[in-house]
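Please look over the sequence and the coordinates below before reading the briefing. The notes that follow are grouped by topic and give the cut-offs of each term where it is first used.

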Amino acid sequence: MEARGSLTVWIDEGVLSAWKNKQKTGKRGASNTYSDLALETLLTLKTVYRLKLRQTIGFARSLFELMSVELDLPHYSTLSR
């Protein structure tokens with residue numbers, strides 16, 4: 001059987017548990033909501049599939065829905081910083 005058009009993605013439990021930033025900066029203002037690991041994961045998807053920022057968030061959202069993973073995703077402008 002051929003697997004043309006098939007997409008398989010593995011996301012480690014460590015990535016899922018470290019998605020939100022739990023560290024406080026100790027500086028004025030709000031701390032980052034998402035961890036560096038979360039942003040790097042999304043930017044990797046962007047680079048590998050040659051997507052624009054909004055497309056990356058939509059692609060990740062659909063992947064997470066297919067995997068039945070409930071994670072908040074950052075606004076696309078967060079990836080551009």
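**Briefing on the predicted chain**

The chain exposes about 6,600 Å², of which carbon and sulfur atoms supply 50%; accessible areas here come from the Shrake-Rupley method with a 1.4 Å probe, and for residues only the protein chains shown count as cover. This is a predicted model, in which local features need pLDDT of at least 70 and side-chain atom pairs count only at pLDDT 80 or more, whereas totals for chains, interfaces and linings use all residues. Residues are numbered from 1 along each chain as its sequence is written, and side-chain values use heavy atoms, with hydrogens and water left out.

**Overall architecture**

- The secondary structure comes to four helices and zero strands, and it reads α-α-α-α along the sequence; helices (H or I, at least four residues) and strands (E, at least two) are DSSP runs, numbered from the N terminus.
- Of the 81 residues of the chain, 21% count as buried, where buried means under 20% relative accessible area, exposed means over 50%, and partly exposed lies in between (1.4 Å probe, protein chains only).
- Among contacts (heavy atoms within 4.5 Å) between residues at least 6 apart in sequence, 39% join residues at least 24 apart.

**The nonpolar core and Trp19**

- The largest nonpolar core has 13 residues, of which Trp19, Leu42 and Leu73 touch the most other members; such a core is a set of buried Ala, Val, Leu, Ile, Met, Phe, Trp, Tyr and Cys residues joined through side-chain atoms within 4.5 Å.
- Helix 2 and helix 3 are the elements that give two or more residues to this core.
- Trp19 is placed in the loop between helix 1 and helix 2 and counts as buried, at 1% relative accessibility.
- When residues up to four places away in sequence are not counted, Trp19 touches Tyr34, Ser35, Ala38, Thr41, Leu42, Phe64, Leu71, Asp72 and Leu73.
- The C-alpha atoms of Trp19 and Leu71 are separated by 7.9 Å, although the two residues are 52 apart along the chain.
- Leu42, leaving aside its neighbours within four places in sequence, is in contact with Trp19, Thr56, Ile57, Ala60, Leu73, Pro74 and Leu79.
- Thr56, found in helix 3, is buried with a relative accessible area of 0%, and its contacts beyond four places in sequence are Leu42, Leu45, Lys46, Leu51 and Leu79.

**Charged and polar pairs**

- A search of the whole structure finds one salt bridge, the term standing for a side-chain nitrogen of Lys or Arg within 4 Å of a carboxyl oxygen of Asp or Glu.
- This salt bridge is formed by Asp72 with Lys20, and the closest N and O atoms are 3.3 Å apart.
- Asp72 lies in the loop between helix 3 (53-66) and helix 4 (76-79), while Lys20 lies in the loop between helix 1 (13-17) and helix 2 (36-48), so the pair ties together parts that are 52 residues apart in sequence.
- Both partners are partly exposed, Asp72 at 48% relative accessibility and Lys20 with a relative accessible area of 35%.
- The side chains of Arg54 and Tyr76 are joined by a polar contact of 2.6 Å, meaning a pair of N or O atoms within 3.5 Å; within protein, one must be able to donate a hydrogen and the other to accept it, and residues adjacent in sequence count only if both atoms are side-chain atoms.
- Arg54 is found in helix 3 and counts as exposed at 57% relative accessibility.
- Ser35, in the loop between helix 1 and helix 2, counts as buried at 10% relative accessibility, and its side chain reaches the backbone oxygen of Ala18 at 2.6 Å.

**Backbone angles in the loops**

- Arg50, placed in the loop between helix 2 and helix 3, has a phi near 50°, a positive value in a residue other than glycine, and Arg50 counts as exposed at 76% relative accessibility.
- Ser68, found in the loop between helix 3 and helix 4, likewise is a residue other than glycine with a positive phi, near 55°, and Ser68 is exposed with a relative accessible area of 66%.
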